[in-house]
Amino acid sequence: MARSIAVWLGLALAPAWGMSAALAANQLQDTPHTSDVSASRFLDDDLQQVTHSVKSPLQVAQVPAVADLEAQAPRLPAPAPSLGMQRTMPQVTSVNQLSDVRPTDWAYQALASLVEKYGCIAGYPDSTFRGNRAATRFEMAAALNACLDVISDRFASKEDLATLQRLAQEFSSELAVIKGRVTNLEGRVANLEATRFATTTKLRASVIFNVSDVLTGTRAVAANASPNRGPTIEDNPVATYRARLNFDTSFYGKDVLRVRIQAANMPRYDGANLTNTNMARLGYDTNTNGEFRIDDLYYRTPLTKRLFLAFDASAGNFDKNVFTFNPLLQSAETGAISRFGRFNPLYRFGGGAGLTLRYTLLENKERGTGLTLNLSYQAPNAANPNQNAPNTNGLFGGAYAALAQLDWRPAKNLAMGFTYVRSFGVSVAGGTGSSGSPAFPGSAANPIGNNANAAADNFGFQFTYRPIQKFNIAGWVGYSNVYQVQGFPPGLRREAEVLNWAATFAVPDIWRKGDVLGLIVGQPPQTISVRNVALAPGATFNSYHIEGLYRIPISRNISITPGLIAVVNSNSNSNNAPLLLGVVRTTFSF
């Protein structure tokens, strides 16, 4: 019996014939053939879930099917297996369970005997045998050891046992190495499980290194300023950073509690001594003076198969909970380099604590179509109980923004969004558009001269369309009707209208996998009409935004994005010279 097993084993595993066997000893699967397997490798596997199913950042950066684009709520992957879990498939009981083995294979009968008669061969986790890969002596030893275990539980003749003993002696050194490796790995696993950060929390981090400069332009002033053209901007190139640490905790696999801390010293180019306009802001210009502070703090969970809930305790802008329809350029880390170029500014209304519900009304996964309703409420001063005049504090009764959005996917490669936001006490420019330091009356940042006493009806239309796999078009239009709500004489209510639009073009994988070439053109928020607002210049809708960028993937975790931002007629004033900003953003994610 042992002789026949040895013969079949040799037929199945003989490397000289180019036929390999999957490891019979499960604990050896995917183990390197060197003994210095570092504990950090396994710690990285556990924390970042580096399994066979995980995709690299470059894969994630590819164009997604528009029908699959959902709200950008960070989703926690399925819990990783424990470090002690076996990493091969269970022992197969039939050779037919090995998907890549065919009856026409020359070693088919040998495998059938080892699998079905002796039960001492296992496959890989994907149910394959990989018979065309040459087997190493370690694999031969592992398979032999598994067959020895089977024989030890059955009757065998002296001749059989003698044959097996000779084989065991021949591979004794390899068997000893294998045993030592297993013992070493078990010790490392036990140590990692005892000392790892948490069983339910994963650390995800990103770091941005930024080099930027105002290459040319004059300080943006209002059209009715005196003089009506600002001085030439004198600045120096800067090197700055932003670091974010995200602690994502899942309690049952589908929910996520995020606590984010960040530190940054990014410049804001809207300062009075620089461009003096929000039209020149970068998409990631956070500044905490280098101190780590709480940023995102939220909990998200599905309530049913169709209903999703998100609760924000800090920094709860709408863009974090609903789809913004600019999939390849929405990210501050790998997308547009400007603040305006990421998505419709109305998604930035709010910015405090609030609640979001998303309900799937209709869905056809085969056709890639669907209809989704989003409802969200955000209060920027929810943590302040003090009343003021006009009252803008508190979760309710103060400043707020309430959103209703319908996501419609009529075709697999087309998605559209229809958005309404009712707001009070908040700016309708979302930190973009015409402004000043301070924002002048009649600008998009301060359309009626007092945002604290302003209510607004805001409307948005967004779309994203992928005509071919490697070309995505997206865009939006945003309109706001802003008006005074109290304390005005009859017939003298201050009112203003604000408009913005943009079109974005993204070409992924144009030269190498994971890269993106992007172009953004549009008009940032500007007032198109102003009534009864003292000191406001005449409404002129003539500012333009042009942005080009190219994201270069260096590795799975590193990308470099050089880009240029041009603003023509900044602050809606044709006397201002065009602004040109040069930016190089380097992003690390892990």
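**Notes on backbone and burial**

1. Asn569 is buried, with a relative accessible area of 17%. Please bear in mind that this is a predicted model. Asn569 sits in the loop between β15 (558-568) and β16 (579-589). Its phi is positive, about 55°, although Asn569 is not a glycine.

2. Leu535 also deserves a look: this residue is not a glycine, yet has a positive phi of about 70°. You will find Leu535 in the loop that runs between β13 (516-531) and β14 (544-553). Is Leu535 buried or exposed? Leu535 is exposed, and its relative accessible area is 71%.

3. Next, the cis peptide bonds. One runs from Ser226 to Pro227, with omega near -5°. Pro227 belongs to the loop between β1 (201-216) and β2 (238-249).

4. Ser437 and Pro438 are likewise joined by a cis peptide bond, here with omega about 5°. Where is Pro438? Pro438 lies in the loop between β9 (414-424) and β10 (454-468).

5. Now to a helix. How many of the 11 residues of α4 (residues 108-118) are buried? The count is 8, so the helix is mostly covered. Among the buried residues are Tyr108, Leu111, Leu114, Val115 and Tyr118. An α-helix has 3.6 residues a turn, so residues three or four places apart point the same way. The buried set of α4 also includes Ala110, Ala112 and Ser113.

6. Finally, the residue after α4 is Gly119. The phi of Gly119 is positive, near 60°.

Key:
Residues are numbered from 1 along each chain as its sequence is written. This is a predicted model: local features need pLDDT of at least 70, side-chain atom pairs count only at pLDDT 80 or more; totals for chains, interfaces and linings use all residues. Side-chain values use heavy atoms; hydrogens and water are left out. Buried means under 20% relative accessible area, exposed over 50%, partly exposed in between (1.4 Å probe, protein chains only). Helices (H or I, at least four residues) and strands (E, at least two) are DSSP runs, numbered from the N terminus.
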